[in-house]
Amino acid sequence: MEILIISGLSGGGKSKAASFLEDMGFYIVDNMPAGMILKFAEFCSGGSARYSKVALVYDVRTADSFDEFLEVLSTLRKREYDCKLLFLEADVGAIINRYKETRRLHPLQERTGSLEAAVNREIALMAPVRAQADVVINSTTYSTARLRGELLRIFGGSRSVAEMQVSLESFGFKHGLPLEADLVFDVRFMPNPFYIDSMKHKTGLDPEVRDYVFSFRETEQFMEKLRELLGFVLPLYREEGKTVLVVAIGCTGGHHRSVAVTRALAEYIRSLGYQVTENHRDMTRS
């Protein structure tokens, strides 16, 4: 059984980390007292597969002294459990700004009188816990996506960061932009098969239309540059923690050029090892 204890500073990112870990298949329990952790671990080890991966959030809300928790942690590590401690922190200034944005009260602020004093007090209190951490993440400069990507990289197991899905969508500009698109490419500069009678009522999935679109030098040059661009940015989106990247290819009506380019692009991205979905939003619209 895998037990991950999430601890750290208030405002360091524990709640977000717990949410991401839940998406990764961990069973989450927030604010569990140290005295209950061993009993809960025993219960989970004898239970169903639902409890094979457990993440417990433990922080300064639970106790003023962490001696009992450190004893429990030592016991868990000596047993057959795969037990790790994740500690999330951030710089004092970053934590203060986060509390100001949310207008929440720091757990120690009533005792210390000021937010800065509360943060510094918590850093001192949590120092023994931090010293026992298997993984320490300073989230000061982390975006939400980067934090998710880092957790997926460390704790994702078989679900690696390479598991990013690329969603390709062809569309017609006259019907409006796809609202969910992350990247949009305009292929209206390509010669339009619509004006050729034999292809007017066909689509970019038909070989005749596809061959026509790709018979022009500018199409091949565009595809070469687009493949180079995507080959560069896809790993960066993946490392940032992006789970779905939506790439939209547009022409005038969404019937011919955008469809042909989207199909060719899907084949290329699959060859890079990514999961790809392909949707032709306006292909059947008049």
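Two rings of Phe, Tyr or Trp count as an aromatic pair if their centres lie within 6.5 Å. Keep that in mind as you explore this predicted model, because a search of the whole structure turns up nine such pairs.

Stop 1: Select Y27 and Y51. These two form an edge-to-face pair, with 4.9 Å from centre to centre and 75° between the planes. Y27 belongs to strand β2 (residues 27-30), while Y51 sits in the loop between α2 (34-45) and β3 (53-57), so the pair ties together parts that are 24 residues apart in sequence.

**Stop 2: another ring pair.** Next, pick F189 and F222. Their ring centres are 5.3 Å apart and their planes meet at 65°, so this pair too is edge-to-face. The pair links distant parts of the chain, as F189 is in the loop between β7 and α8 and F222 is in helix α9, 33 residues apart. F189 is partly exposed, at 44% relative accessibility; F222 is buried, at 17%.

**Stop 3: arginines over rings.** Show R188 together with F173: R188 lies over the face of F173, 3.7 Å from the ring centre. Then show R227 with Y268, where R227 lies over the ring face at 6.0 Å from the centre.

**Stop 4: a four-stranded sheet.** Switch to a cartoon view and find the open sheet, whose strands run in the order β7-β8-β6-β9 with parallel pairing. Why is one side of β7 and of β9 left without a neighbour in the sheet? β7 (183-186) and β9 (275-280) are the edge strands, and each has a single partner strand. From one strand to the next, the twist averages 20°. Zoom in on β7 and β8 (residues 244-251), which are joined in parallel by four bridges; D186 has G250 of β8 as its bridge partner. Helix α9 (residues 217-240) packs on this sheet, touching β6 (165-172), β7 and β8, and its direction makes about 180° with that of β7.

**Stop 5: helix α10.** Finally, select residues 257-271. The 15 residues of this helix should span 21 Å at 1.5 Å a residue, and the end C-alpha atoms are 22 Å apart, which agrees. Its buried residues, among them V259, L265 and I269, pack against β6, α8 (207-213), α9, β8 and β9. Highlight S258, a residue of this helix with a relative accessible area of 0%. S258 touches residues including S170, F171 and G250. After the helix comes G273, with a positive phi near 100°.

Methods. Residues numbered from 1 in each chain as written. Predicted model: local features only at pLDDT ≥ 70, side-chain atom pairs only at ≥ 80, totals over all residues. Heavy atoms only, no water. Pairing = 2+ DSSP bridges. Helix = DSSP H or I, 4+ residues; strand = E, 2+ residues; numbered from the N terminus. Axes fitted to C-alpha atoms, helices over the stretch in contact; angles between N-to-C directions. Contact = heavy atoms within 4.5 Å. Expected span 1.5 Å × (residues − 1). Buried < 20%, exposed > 50% of the residue type's maximum accessible area, 1.4 Å probe, protein only. Phe/Tyr/Trp six-rings, centres within 6.5 Å; stacked < 30°, edge-to-face > 60°. Lys NZ or Arg CZ within 6 Å of the ring centre and 35° of its normal. Lists of a residue's contacts leave out its neighbours within four places in sequence.
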